[in-house]
Amino acid sequence: MKPTITAFERSPDRGRGLARDMRVRWALEEVGQPYDVRLVSFTAMKEPAHRARNPFAQIPTYEEGDLVLFESGAIILHIAGRHAGLLAREADARARAIAWMFAAINTIEPPILDLQVAKFAEADKPWATERLPLVLDRIRRRLRELAARLDDADWLDGAFSAGDLLMIGVLMRLKPSGLLEEFPNLAAYVARGEARPAFQRAFAAQLAVFSAHA
């Protein structure tokens, strides 16, 4: 059965691949699974039909028969468990890849999202100029730790996995800030992910949506 995912009708990232449906598109492309896309407006996201899929009125969601999922990490874990290509068959390698998936979302992404809040939602606060350096320091500390672990390897744990897919998806959010360029091996790591044919197909699909509504 062909799954259906939801995506922004008018993406706030202007088609740069930063919206979280990009991660799910990429995972589906990596495993060779065709999919349909239901585009939703910001108004429709808050309506009961979409809240039945995601109670927090966010994208992406994933529907496959009677199964309905939300949260990009959970969706990608489901895809990786159902199809070969994103998780190793060997149990320990599989567990390590899942650990990296959680690390991407729980350890690396929160301070990166905090930077976006500090720059946009809180930019007019009287304490904004004092808080921003603290946020940047927290990001750099995590990036130093990640860069040290990756070292000169191509991927986080041997072959490319769902852990790399999520980690690269998270790190892409830093590209406009210039912070990623302070860590050349992480910048090269992201570039390797973006060069994968599956990523290119997913990126083109998301960009096409933005271009059609621009």
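Student: How many helices and strands does the secondary structure of the protein come to?
Tutor: Nine helices and four strands. Helices (H or I, at least four residues) and strands (E, at least two) are DSSP runs, numbered from the N terminus. This is a predicted model, in which local features need pLDDT of at least 70 and side-chain atom pairs count only at pLDDT 80 or more, while totals for chains, interfaces and linings use all residues. Residues are numbered from 1 along each chain as its sequence is written, and side-chain values use heavy atoms, with hydrogens and water left out.

Student: In what order do the elements run from the N terminus on?
Tutor: The order is β-α-β-α-α-β-β-α-α-α-α-α-α.

Student: And what radius of gyration does the protein have?
Tutor: 17 Å, which agrees with the value near 17 Å for a compact globule of 214 residues. The radius is taken over C-alpha atoms, and the globule rule is 2.2 Å times the number of residues to the power 0.38. The C-alpha trace spans about 50 × 45 × 30 Å along its principal axes.

Student: What percentage of the residues is buried?
Tutor: Of the 214 residues, 47% are buried. Buried means under 20% relative accessible area, exposed over 50%, and partly exposed in between (1.4 Å probe, protein chains only).

Student: Which share of the contacts is between residues 24 or more positions apart?
Tutor: Such pairs account for 68% of the contacts with a separation of 6 or more. Contact means heavy atoms within 4.5 Å.

Student: Switching to charges. How many positive and negative side chains are there?
Tutor: There are 29 positive and 28 negative side chains, and the centres of the two sets lie 3 Å apart. Lys and Arg count as positive and Asp and Glu as negative, with His and the chain ends not counted. The place of a charge is NZ of Lys, CZ of Arg, CG of Asp or CD of Glu.

Student: How many salt bridges does the structure hold?
Tutor: It holds 17. A salt bridge here is a side-chain nitrogen of Lys or Arg within 4 Å of a carboxyl oxygen of Asp or Glu. One of them joins E29 and R201, with the closest N and O atoms 2.9 Å apart.

Student: Why does that pair tie parts of the chain together?
Tutor: E29 lies in helix α1 and R201 in helix α9 (residues 197-213), so the bridge connects parts that are 172 residues apart in sequence. R201 is partly exposed, with a relative accessible area of 42%.

Student: What does R82 pair with?
Tutor: R82 forms a salt bridge with E64, at 3.1 Å from N to O. R82 sits in helix α4 (residues 72-82) and E64 in strand β3 (residues 61-64), so parts 18 residues apart in sequence are tied together. R82 is partly exposed at 47% relative accessible area, whereas E64 is buried at 13%.

Student: Which residues are linked in a network of salt bridges?
Tutor: R20, R23, E109 and R173.

Student: Back to helix α1. Is E30 buried or exposed?
Tutor: E30 counts as buried, at 18% relative accessibility. E30 is in helix α1 (residues 21-30). Leaving aside neighbours within four places in sequence, E30 is in contact with L86, F160, L165, R196 and A198.

Student: And E194, where is that one?
Tutor: E194 is in helix α8 (residues 184-195) and is buried at 17% relative accessibility. Not counting residues up to four places away in sequence, E194 touches M172, K175, F199 and Q200.

Student: Backbone next. Which peptide bond is cis?
Tutor: The bond from I59 to P60 is cis, with omega near 0°. P60 is found in the loop between α3 (48-51) and β3.

Student: What is the phi of A57?
Tutor: A57 has a positive phi of about 60°, although it is not a glycine. A57 lies in the loop between α3 and β3 and is buried at 13% relative accessibility. D151, also a residue other than glycine, has a positive phi near 55°. D151 is in the loop between α6 and α7 (162-171).
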